[in-house]
Amino acid sequence: MLNHKLSSKPASKLAKALTAAAFAAALILLPSMTGSATAAAQSRSYGRDYYDDDRYDSRDHQRQEKARQKSHERREQRDLQRHQDEERYDYGNSRSLRRHQQDERDDLKAHKRDEKDDLKHHQRHERNDDYDDNSYRRSNRRRY
């Protein structure tokens, strides 16, 4: 009977250790085998995962591109205005200066039109999945 008590203590310690190890392994392995509990809860609570919808991401991306383009255009307009104010201060208000400044404004309008066209071309190709990094700039486009 003494031998039985001695042998049961190590066995119960081993059983406890194995039980703890199995429980720890289950906590680690079970979520990886069944998928993330967080992702499963999100898909149930929202009905669908909006972040996996390509069209949603594409629209958001293109909206951000348009906003950056508008911001860029405002900066260029502001810079031209400052430049022309400095020119009027330095050179006065002559007819040749006004003609020169009108040419600058016309050049800026043409530049803005070209950039807008480039962005539309780029976004159309993104939507049609024939996106190519080189197709953004007018000089890199393939002619159709």
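**Figure 1. Gln 62 and its contacts in the predicted model.** Leaving aside its neighbours within four places in sequence, Gln 62 is in contact with Gln 123, Glu 126 and Arg 127. With Arg 127, there is a polar contact between the two side chains, at 3.1 Å. Gln 62 itself belongs to helix H3, which covers residues 54-91. Is Gln 62 buried or exposed? Its relative accessibility is 7%, so Gln 62 counts as buried, because buried means under 20%.

**Figure 2. A look along helix H4.** Helix H4 takes in residues 95-127, 33 residues in total. From its first C-alpha to its last, H4 reaches 48 Å, close to the 48 Å expected at 1.5 Å a residue. Several H4 residues are buried, among them Leu 97, Leu 108, Leu 119, Gln 123 and Glu 126. Just after the helix, look for Asp 129, which takes a positive phi of about 60°.

**Figure 3. The salt bridge between Asp 60 and Arg 63.** Here the side chains of Asp 60 and Arg 63 meet in a salt bridge, with 3.6 Å from N to O. Both residues lie in helix H3, 3 residues apart, which is about one turn of the helix. Asp 60 is partly exposed, with a relative accessible area of 31%, while Arg 63 is exposed at 54%. Why can such pairs form? Side chains of opposite charge can pair when their charged atoms come close.

**Figure 4. The salt bridge between Arg 88 and Asp 85.** A search of the whole structure finds 2 salt bridges, and this view shows the one formed by the side chains of Arg 88 and Asp 85 (2.5 Å, N to O). Arg 88 and Asp 85 are 3 residues apart in helix H3, so about one helical turn separates them. Arg 88 counts as partly exposed at 30% relative accessibility, and Asp 85 counts as partly exposed at 35%.

**Figure 5. A nonpolar patch on the surface.** Which residues form the nonpolar patch? They are Phe 23, Leu 27 and Ile 28, and together they have about 360 Å² of accessible area. Ile 28 lies in helix H1, residues 2-34. With a relative accessible area of 63%, Ile 28 is exposed.

**Figure 6. Stepping back to the chain.** Of its 144 residues, 16% count as buried. The chain exposes about 12,200 Å², and carbon and sulfur atoms supply 53% of that area.

Key. Residues are numbered from 1 along each chain as its sequence is written. This is a predicted model: local features need pLDDT of at least 70, side-chain atom pairs count only at pLDDT 80 or more; totals for chains, interfaces and linings use all residues. Side-chain values use heavy atoms; hydrogens and water are left out. Helices (H or I, at least four residues) and strands (E, at least two) are DSSP runs, numbered from the N terminus. Buried means under 20% relative accessible area, exposed over 50%, partly exposed in between (1.4 Å probe, protein chains only). A polar contact is a pair of N or O atoms within 3.5 Å; within protein, one must be able to donate a hydrogen and the other to accept it, and residues adjacent in sequence count only if both atoms are side-chain atoms. Contact means heavy atoms within 4.5 Å. Patches are made of residues with over 30% relative accessible area and no salt bridge: like charges are joined within 9 Å, nonpolar side chains (Val, Leu, Ile, Met, Phe, Trp, Tyr) within 5 Å. Accessible areas come from the Shrake-Rupley method with a 1.4 Å probe; for residues, only the protein chains shown count as cover. A salt bridge is a side-chain nitrogen of Lys or Arg within 4 Å of a carboxyl oxygen of Asp or Glu. The expected span of a helix is 1.5 Å times one less than its number of residues.
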